[in-house]
Amino acid sequence: MSTPPSPSGKGRPANSSGFAWRAFFHQSETPVFVLGKSRRLRYANPAWEKLAGVKLAEALGMVCSQRRHSTPLASVLAPTPEALAGRPDRARRPAPPGRNGPPWWDVTFVPLAGDGSPREAPAKASEALFGFVGFIAVVGEPVPAAARKIPPSVAALRDRRATHFSPELLAGESLASARLVAQTRLAAQIAAPVWIVGEAGSGKETVARVIHHTSAVRDRAFVAIDCVGLQPYLIESLLFGHGGLSASDRIGTVYLKEPGALPRDMQQRLADHFTEPASARLICGSDRTAQDAVASGRLVPVFQTALSAFEARIPPLRERLDDIPRLATRLVNRAIDPAALTVLRGYSWPANLREFVEVLHESTGEGRTGPILREHLPHELRVKAGLMRSGPPKSLNLDAILEAVEKRIIQLALRKTNNHQTEAAELLGVFRAKLGRRLDALGIPVSPPPPKPRKE
């Protein structure tokens with residue numbers, strides 16, 4: 001049945017001359033947008049504005065592409081290669097600003113072909129298009145962080161991690177350790193930024209982890225950034241780049257190691273970000289106070305006024321030598337011989353806990369079991385502790401030293417060749433007769449070589 005022509009005689013269906021397509025799309029609850037031939041945003045309905053969080057007047061004319069400098073919203077609305085070739089297509093993309101996880105957007109692209117060539121070749125199809133109509137469906141509604149289901153294995157691992165980084169990890173017998181534990185507990189109860197002062201290797205990052213795992217944000221991630229070892233542009237990309245950590249709600253604490261090493265413009269950007277209430281908690285670690293760093297010109301003043309509200313000082317290991325027995329037992333879970341403890345207490349530990357941990361792991365290596373003895377400690381450590389004499393002996397007998405070295409090398413060659421003197425001479429690069437003379441001169445007993453297998 002054919003549609004009757006309109007009274008105007010132009011072939012338009014009856015009752016269609018007054019169709020208002022904008023009002024039609026405005027009443028739809030489905031987010032709809034229209035792109036022009038150059039992929040510029042030409043129209044979007046109120047449902048799209050509500051979903052994107054942007055007014056059409058602000059986004060009108062935006063080029064929707066996935067180039068490097070495109071905004072997250074422009075990347076999501078960019079037509080797929082199939083749509084650019086003139087074929088309808090659908091793509092699932094992370095909702096702006098590109099966070100990982102729900103929600104996602106299922107974007108359907110419908111190309112609008114021009115007159116005359118809806119079936120153009122793929123290379124020319126984009127030239128025949130004069131626009132795209134897009135529809136958005138939301139997949140996976142966002143879930144509050146507190147309501148997210150965590151696998152039992154991940155929850156158990158997180159609990160073990162939090163148990164390890166408890167304030168008891170810093171406890172000791174000295175008054176300095178008791179003061180440090182009290183400062184750590186207080187810092188975990190407040191939400192103010194923390195500035196940790198301590199010498200290199202004293203455990204500033206460990207204290208920051210203890211504060212994080214004891215605070216109210218322990219169910220979120222802890223991120224440590226070395227401002228000395230990383231280039232500033234890498235730190236900027238990590239925090240503020242596309243999909244950076246600043247846009248995530250899963251970061252609880254950000255630890256900056258020596259923020260004074262960053263350029264001042266980068267410091268100011270970090271300060272502007274972390275002074276916002278919705279940002280993650282900031283903890284900084286340095287070998288000097290924020291006041292001293294600002295006075296020397298290495299740090300912008302806002303780090304002293306706003307980002308170091310609470311300051312904690314870590315005493316060096318030489319000021320808490322009474323804590324060494326407890327620290328050693330906790331770090332290696334092994335008993336320490338009293339003679340070894342005397343060596344450990346008699347050393348000044350210029351590199352603090354970092355050097356202490358390395359010495360303990362070296363002492364427990366090579367398959368050793370049982371308590372750590374003084375002989376297991378490095379020779380240099382025993383010398384510096386004043387328990388062994390350093391330097392060369394009073395006299396050096398060069399001939400005796402050379403004969404001892406030659407004897408060991410010859411014995412090694414004989415072991416490698418199963419006591420075959422001819423093969424040992426070839427291995428040493430000497431004649432067989434010379435090797436025999438050296439064996440007699442050095443008094444090296446040589447067992448007969450094993451018999452060769454018979455040939456069947």
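Student: Why is I196 counted as buried?

Tutor: The relative accessibility of I196 is 0%, and buried means under 20% relative accessible area, exposed over 50% and partly exposed in between (1.4 Å probe, protein chains only). I196 is therefore buried. The model is predicted, so local features need pLDDT of at least 70 and side-chain atom pairs pLDDT 80 or more, whereas totals for chains, interfaces and linings use all residues. Residues are numbered from 1 along each chain as its sequence is written, and side-chain values use heavy atoms, without hydrogens and water.

Student: Where does I196 lie, and which residues is I196 in contact with, leaving aside neighbours within four places in sequence?

Tutor: I196 lies in strand β6, residues 194-197; helices (H or I, at least four residues) and strands (E, at least two) are DSSP runs numbered from the N terminus. Its contacts (heavy atoms within 4.5 Å) include V207, I211, I283 and I314. F310 is 114 residues from I196 in sequence, with 8.5 Å between their C-alpha atoms.

Student: Why does I190 count as partly exposed?

Tutor: I190 has 31% relative accessibility, which makes it partly exposed. I190 is found in the loop between α8 (175-189) and β6, and touches R281 and F310, not counting residues up to four places away in sequence.

Student: What makes N45 a buried residue, and which polar contacts does its side chain make?

Tutor: N45 is at 0% relative accessibility and therefore counts as buried. This residue is in the loop between β2 (41-44) and α2 (46-52). A polar contact is a pair of N or O atoms within 3.5 Å; within protein, one must be able to donate a hydrogen and the other to accept it, and residues adjacent in sequence count only if both atoms are side-chain atoms. Polar atoms of the N45 side chain lie 3.2 Å from the backbone oxygen of F25 and 3.0 Å from the backbone nitrogen of W48.

Student: Which residues of helix α10 are buried, and how do you know where they sit around the axis?

Tutor: In α10 (residues 232-240), I235, L239 and F240 are buried. They cover an arc of only 95 degrees around the axis, so they are on the same side of α10; the arc is that of the directions from the helix axis to the C-beta atoms. These buried residues pack against β7 (221-226) and α11 (264-274).

Student: Why is V405 called partly exposed?

Tutor: The relative accessible area of V405 is 44%, so V405 is partly exposed. V405 is placed in helix α18, residues 398-416.
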